[in-house]
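This report goes through a two-chain model from overall build to single residues. Please keep the sequence and the structure at hand while reading.

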Amino acid sequence: MWSITPLETEAIALSLRVALWAVLWSLPLGIATAWLLARCDFFGKTLLNGVVHLPLILPPVAVGYLLLILLGRRGPVGGWLFDMFGITVAFTWKGAAIASAVMAFPLMVRAIRLSLEAVDYRLEEAARTLGAGRAWVFLSITLPLIAPGILTGTILCFARSLGEFGATITFVSNIAGETRTLPLALFTLTQTPDGELGALRLMIISVVLALVALIASEVLARRISARIRG
Amino acid sequence: MAPSKDGAVLTVDVGRRFGDFRLDVRFTAEGGLTALFGRSGAGKTSLINLLAGLERPERGRISVGGHVLFDADAGIDVAPERRRLGYVFQEGRLFPHMSVRGNLTYGRRLSPPTGHGQDFDHVVDLLDLRRLLARRPRTLSGGEKQRVAIGRALLANPRLLLMDEPLASVDAARKDEILSFIERLRDEVKLPIVYVSHAMDDIIRLADTMVILSDGAVVAAGAVEDLMSRIDLRPHTGRYEAGAVLAVTVAGQDLTFGLTELAFGANRLVVPRLDLPAGTALRVRIRARDVSLCLTPPVGISVLNIFKGRIVEIETGAGPMADVRLDIGAPLIARVTRRSLHEMALEPGKTVHALIKAVAVDRPSLGRRGTRARRG
């Protein structure tokens, strides 16, 4: 009763792997996008902002279907990926990570953008008069100052990825051992006769995972901002 | 630093529009401390942002010590990080995520060890920062922050130091301390400094050269003593009390009565005792209201300083007062009533005796002159 079954272990491990890769891919892209939106003025900025935030409003099924069209083996991007690198993402765990990353991206960009806008640009000016080029100013001044925002964005992205369901099941289907993450496993059990106990256990596991992630982020965030404020 | 052909350390001739405001400025400065003086909104901060490269001029040229930093016609616009101008901002702008030590060494690691290479320990001691090194900027007082900001700029080995009202956020008690630090920078480190201020007291104490800005343009530029004795500049220096500034040197001490004699030209000015060695170059401000005039050499009078001179110019305004500019071997301004003017029949060319009470010359009206001062 109290031991975790191999099927549950598999779902947890898969979920963690998917979420981890989703975060790793969105982090550099999220920082770059947030920086563009917070610091630059260019033609099409409103459009970019809209596209980034689209997954927040669109039905997840629609996002999943869009990904399937674009990234499927015969899709414009998916076909190119397969021809050039032999990579298939549709119906694999990699595709699940992509679906999670896309769905969580706006949350990450938002958190980082807010902290970027709170950074006093005059500190960056001061760094430049001291001899630092743009790139070093970003690494030595901006990045440390937005660390709390990056952390918040990362945790939000991670947590959102753990719970991703609609886009995932549409894009990569529900394949045991490949794309059946925690929420998909839970959904499967609710559709299975006599699956109530298994579904209940997965629900409890989900709650525990989410709580651990949130508490860890809270503790980390407090430490980081204490270090920044000195 | 190798000075350019004309001997100027800083040559500026730039223009730029900021919304409705137009800045169009041309001046040159030699070494020592150059003060940019003007009311708020005159364009002082905009001007040094142009010098630092944080804003880009639309036209003109900037050169420092023979290095061209900006030239619109030649298409030269050196990036701020390559200009090597130390900038002490009004609000300090210390990096909150670094210790004082981290702030101080930030620019040091990035700059080539040439120019006014500064030794870390020397700067730390000069600015009295040793016990603050491990602290975070958040825990520092206004004066401490500003000292760290000065140290940080110095340690980046600048060719020239830009200071934008560095005393604005400093309480009066610490102000004097920082003023002496700046004096030591000017005299011991021999670093050319451009100092933005609207406090004439600080300028008289620190500056050799003054540039007066108004509405984005240079009204006058030259030695502090010359500009301060010009009555026509009163509308610009006006918020500050009228007076003349004399360049003097400590000539001797009267220990019996606790007085110090200051020499300017052939004249001696007696003031309350100053604990300074003979030969020290000073700048003394004589307020116009502290100067009285007399037609004959006065006798039996307590006033110790009596100078014979000639009236150069008289300026009467709408009020009951008139400012009389004298030549006593140096310029001096006396503020008298228009009635005295009338009863004594004062007019340009007339010989008078100017009386200055020794006690009228107090500590705030004194400044140590830079070693590069052109006059005195």
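## Basis of the model

The model is predicted: local features need pLDDT of at least 70, side-chain atom pairs count only at pLDDT 80 or more, and totals for chains, interfaces and linings use all residues. Residues are numbered from 1 along each chain as its sequence is written, while chains are lettered from A and ligands numbered from 1 in the order in which they are written.

## Overall build of chain B

Chain B contains ten helices and 21 strands. Helices (H or I, at least four residues) and strands (E, at least two) are DSSP runs, numbered from the N terminus. The radius of gyration of chain B is 22 Å, close to the 21 Å that the globule rule gives for 376 residues, so chain B is as compact as a globular protein of that length. That radius is taken over C-alpha atoms, and the globule rule is 2.2 Å times the number of residues to the power 0.38. The C-alpha trace of chain B spans about 65 × 50 × 40 Å along its principal axes.

Of the 376 residues in chain B, 42% are buried. A residue is buried if 20 or more other C-beta atoms lie within 10 Å of its own, exposed if 12 or fewer, and partly exposed in between, with C-beta atoms placed from the backbone. Among contacts in chain B between residues at least 6 apart in sequence, 68% join residues at least 24 apart. Two residues are in contact if their C-beta atoms, placed from the backbone, lie within 7 Å.

## Two open sheets in chain B

One open sheet of chain B has five strands in the order 14-13-12-15-21, with antiparallel pairing. Its edge strands, strand 14 (267-272) and strand 21 (366-368) of chain B, each pair on one side only. Neighbouring strands of this sheet are turned by 40° against each other on average, direction ignored. Two strands pair if DSSP finds at least two bridges between them. Within this sheet, strand 12 (residues 243-254) and strand 15 (residues 281-287) of chain B pair in the antiparallel sense over seven bridges. Ala244(B) stands opposite Ile286(B) of strand 15.

Another open sheet of five strands in chain B has the order 16-20-17-18-19, again with antiparallel pairing. Strand 16 (291-294) and strand 19 (331-337) of chain B are the edge strands, and each pairs on one side only. From one strand to the next, the twist averages 45°. Strand 18 (residues 321-327) of chain B is joined to strand 19 of chain B by seven bridges, and the two run antiparallel. Leu326(B) has Leu332(B) in strand 19 as its bridge partner.

## A helix pair in chain A

Helix 2 (residues 45-57) and helix 5 (residues 93-118) of chain A pack at an angle of about 115°, with their axes 8 Å apart. Axes are lines fitted to C-alpha atoms, for helices over the stretch in contact, and angles run from 0 to 180 degrees between N-to-C directions.

From helix 2 of chain A, Val52(A), His53(A), Pro55(A) and Leu56(A) meet Val102(A), Met103(A), Phe105(A), Pro106(A) and Val109(A) in helix 5 of chain A. By class, this contact has eight nonpolar, one polar and no charged residues. Ala, Val, Leu, Ile, Met, Phe, Trp, Tyr, Cys and Pro count as nonpolar, Asp, Glu, Lys and Arg as charged, and the others, Gly among them, as polar.

## Contact between the chains

In chain A, 16 residues are in contact with 21 residues of chain B. On the side of chain A that touches chain B, helix 6 (121-129), helix 7 (134-145) and helix 11 (196-229) of chain A each supply at least two residues. The largest share, six residues, comes from helix 6 of chain A. This side of chain A divides into eight nonpolar, four polar and four charged residues.

## Loop residues

Asn157(B) lies in the loop between helix 5 (142-155) and strand 8 (160-164) of chain B. Its phi is near 55°, a positive value in a residue other than glycine. Asn157(B) counts as buried, with 20 C-beta neighbours inside 10 Å. Glu165(B) is in the loop between strand 8 and helix 6 (172-189) of chain B. The phi of Glu165(B) is near 40°, a positive value in a residue other than glycine, and with 21 C-beta neighbours inside 10 Å Glu165(B) counts as buried.

In chain A, Gly195(A) lies in the loop between helix 10 (182-190) and helix 11. Gly195(A) is partly exposed, with 16 other C-beta atoms within 10 Å. Not counting residues up to four places away in sequence, Gly195(A) touches Leu189(A) and Thr190(A).
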